[in-house]
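This briefing is for a reader who has not seen the structure before.

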Amino acid sequence: MARYGMVMNVKTCLGCKACMAACSQWNQTPFWAEDGGKWRTRITELEDGEFPEVQRRFFPTICMHCENAGCQSVCPTGATYTNKDGIVLIDYDLCLGCGYCIEACPYDARYEYEKEDLEKDEFYFGEDARHHQVHIDKCTFCVDRLEEGQEPSCVATCVGHARIFGDLDDPNSEIAKLVNTGEAKPLGEYLATKPKVYYIK
Amino acid sequence: MDLVQQHLWGWFIAIYLFFGGLGGATMALGIVGELRFNKGKWFGIGTALLGLALLSFGLLWLVLDLIDPFRFLLAFWIKGIGSSWIARGMLIIMGAYIFGILYVAAAFFESKTFKKWMGYLAMFCGFGVTTYTGLLLNANVGIPFWHTPALPVLFTVSAFSTGCALLMWVLAGKNDHESEHFFHAVESFDIFLISLELLVLFAYFDFARGGNLAVVKSAHLLLSNPLFTIGFLIFGLIAPLILEAYASMKENSKGIAAFASALVLFGGFLLRYLIIWAGVFQYPHGLAG
Ligand code: SF4
Ligand code: SF4
């Protein structure tokens with residue numbers, strides 16, 4: 001039993017989007033989607049501050065794996081659940097596809113994996129296609145890779161060491177230190193969702 | 001703060017919420033008419049079935065809104081009942097069907113006590129359906145304009161007002177003494193409900209003034225949309241209120257009341273559509289750019 005989390009260091013993110021590419025290849029998420037909105041992880045370009053002190057920054061986001069997850073509490077069938085390691089997951093077989101969780105997530109972490117996406121998945125990945133039914137999709141912390149002792153694919157490819165993954169309950173881990181010293185903070189604390197993804201800004 | 005208007009839910013969900021609320025209220029009010037106003041067994045049977053038919057029509061749109069409508073059977077798998085309003089809603093809706101149909105059967109075979117009990121249970125579930133349509137939206141923490149206690153109250157009051165409107169239509173064609181009596185009771189109740197709705201709306205927008213950025217944006221979207229101000233507020237609420245109040249003071253004014261009812265129904269639908277349309281996410285800064 002662990003309590004997995006991630007720290008995003010916005011200061012060191014280069015905006016290269018290698019994480020988006022790696023994630024979409026590993027998890028076969030719809031990089032083909034035309035509106036550009038179907039990613040498990042996104043890098044948003046921000047222009048912060050007032051002129052002339054404008055700063056261009058890159059802001060990585062994923063599902064925050066909330067401890068108090070709005071998506072899970074609205075899910076009628078129990079398809080959305082939290083596993084023993086604190087990872088919020090979706091059981092595709094149980095997902096009704098009502099989209100209630102998309103409306104309830106305050107971090108815009110979920111999207112619809114639709115029929116067209118299934119066809120494209122098969123087109124690009126052939127026999128290795130991993131999605132076989134429509135469902136709601138989002139970041140899983142690459143739970144399948146964790147089982148094999150690997151890091152999530154975005155973390156493994158990150159050039160700027162902007163993504164730090166680990167067990168929040170292990171006081172010696174890099175991530176626990178960043179979180180416990182207060183250097184890394186969650187987004188939107190007022191939402192009371194208790195995210196397990198933290199930011200150094 | 002990044003404000004983003006929601007686009008996932010639209011007409012389909014609005015139609016579902018409207019017909020769900022209308023169906024639940026019609027059944028509940030119809031049964032009151034039969035049990036308390038001696039409207040006779042056929043009235044009770046007719047309105048209960050009408051309510052269930054409207055509810056079914058609404059549910060159809062919910063199913064059509066699923067990513068894959070053929071997966072709808074999963075909706076009966078209500079493991080999330082502890083916290084999900086869709087799951088709870090399914091249970092309430094199933095209750096409405098079961099007790100509604102038992103009530104119809106009992107009324108048909110004139111089994112008095114059983115009919116009374118089933119009638120009350122069906123009424124309770126009908127009432128539940130109307131409130132649930134508001135609670136469904138209310139549960140979304142990400143959309144602060146929906147996440148306020150005023151919303152379920154507003155939807156419940158509006159649903160009963162549309163239920164009254166529909167019953168007035170049904171009753172307008174009948175001239176017997178009981179129907180007249182019940183017609184006027186429904187009419188007065190609707191006048192009360194519309195006034196209450198105006199009050200709740202006022203409170204809703206008054207809350208919004210002190211709310212966070214997303215709430216203010218939602219309220220602003222609505223108040224600057226003529227469909228809301230002219231369509232809903234004037235034609236869907238104030239006009240029918242004046243017309244019904246006028247009709248209630250005059251003899252032979254069922255025509256006016258029936259016209260007012262049409263406006264109420266139109267307004268009820270617009271209200272749901274617009275509230276959904278005006279849902280604005282308030283994402284922490286950085287998420288939406
Ligand atoms: S970020 Fe959204 S999808 Fe992820 S756990 Fe929190 S509420 Fe659920
Ligand atoms: S779309 Fe699927 S995961 Fe989301 S709330 Fe509905 S059933 Fe649950």
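**Salt bridges in chain A**

Asp144(A) and Arg130(A) form a salt bridge, with their closest N and O atoms 2.6 Å apart. Asp144(A) is in helix H5 (residues 143-147) of chain A and Arg130(A) is in the loop between H4 and S7 of chain A, so the pair ties together parts 14 residues apart in sequence. The model is predicted.

- Asp144(A) counts as partly exposed, at 22% relative accessibility, and Arg130(A) also counts as partly exposed, at 37%.
- Shared partners in salt bridges join Arg3(A), Glu67(A), Asp169(A) and Lys196(A) into one network.
- Over all chains, the rule gives a count of 14 salt bridges.
- One of the pairs is Lys38(A) with Glu114(A), whose side chains meet at 2.7 Å, N to O.
- This pair links distant parts of the chain, 76 residues apart: Lys38(A) is in the loop between helix H1 (18-27) and S2 of chain A, and Glu114(A) is in the loop between S6 and helix H4 (115-125) of chain A.
- Lys38(A) counts as buried, at 10% relative accessibility, while Glu114(A) counts as partly exposed, at 23%.
- Glu45(A) and Arg56(A) form a salt bridge, their closest N and O atoms being 2.8 Å apart.
- Glu45(A) belongs to strand S2 and Arg56(A) to strand S3 of chain A, so this bridge ties together parts eleven residues apart in sequence.
- Glu45(A) is partly exposed, with a relative accessible area of 41%, and Arg56(A) counts as exposed, at 54% relative accessibility.

**Interface of chains A and B**

- Contact involves 42 residues of chain A and 39 residues of chain B.
- The area buried between the two chains is about 3,200 Å², and carbon and sulfur atoms give 61% of it.
- The side of chain A that touches chain B divides into 22 nonpolar, eleven polar and nine charged residues.

**A buried serine in chain B**

- Ser218(B) lies in helix H7 (residues 213-223) of chain B and is buried, with a relative accessible area of 0%.
- Its side chain reaches the backbone oxygen of Ala278(B) at 2.7 Å.

**Confidence**

- Chain A has a mean pLDDT of 91, and 100% of its residues reach 70 or more.
- Within chain A, confidence is lowest in S2(A), at a mean of 86, and highest in strand S5 (residues 88-90), at 96.

Methods. Residues numbered from 1 in each chain as written. Chains lettered and ligands numbered in written order. Predicted model: local features only at pLDDT ≥ 70, side-chain atom pairs only at ≥ 80, totals over all residues. Heavy atoms only, no water. Contact = heavy atoms within 4.5 Å. Buried area = accessible area lost by both parts, 1.4 Å probe. Nonpolar A, V, L, I, M, F, W, Y, C, P; charged D, E, K, R; others polar. pLDDT = per-residue confidence, 0-100. Helix = DSSP H or I, 4+ residues; strand = E, 2+ residues; numbered from the N terminus. Buried < 20%, exposed > 50% of the residue type's maximum accessible area, 1.4 Å probe, protein only. Polar contact = N/O pair within 3.5 Å; in protein donor to acceptor, adjacent residues only side chain to side chain. Salt bridge = Lys/Arg side-chain N within 4 Å of Asp/Glu carboxyl O.
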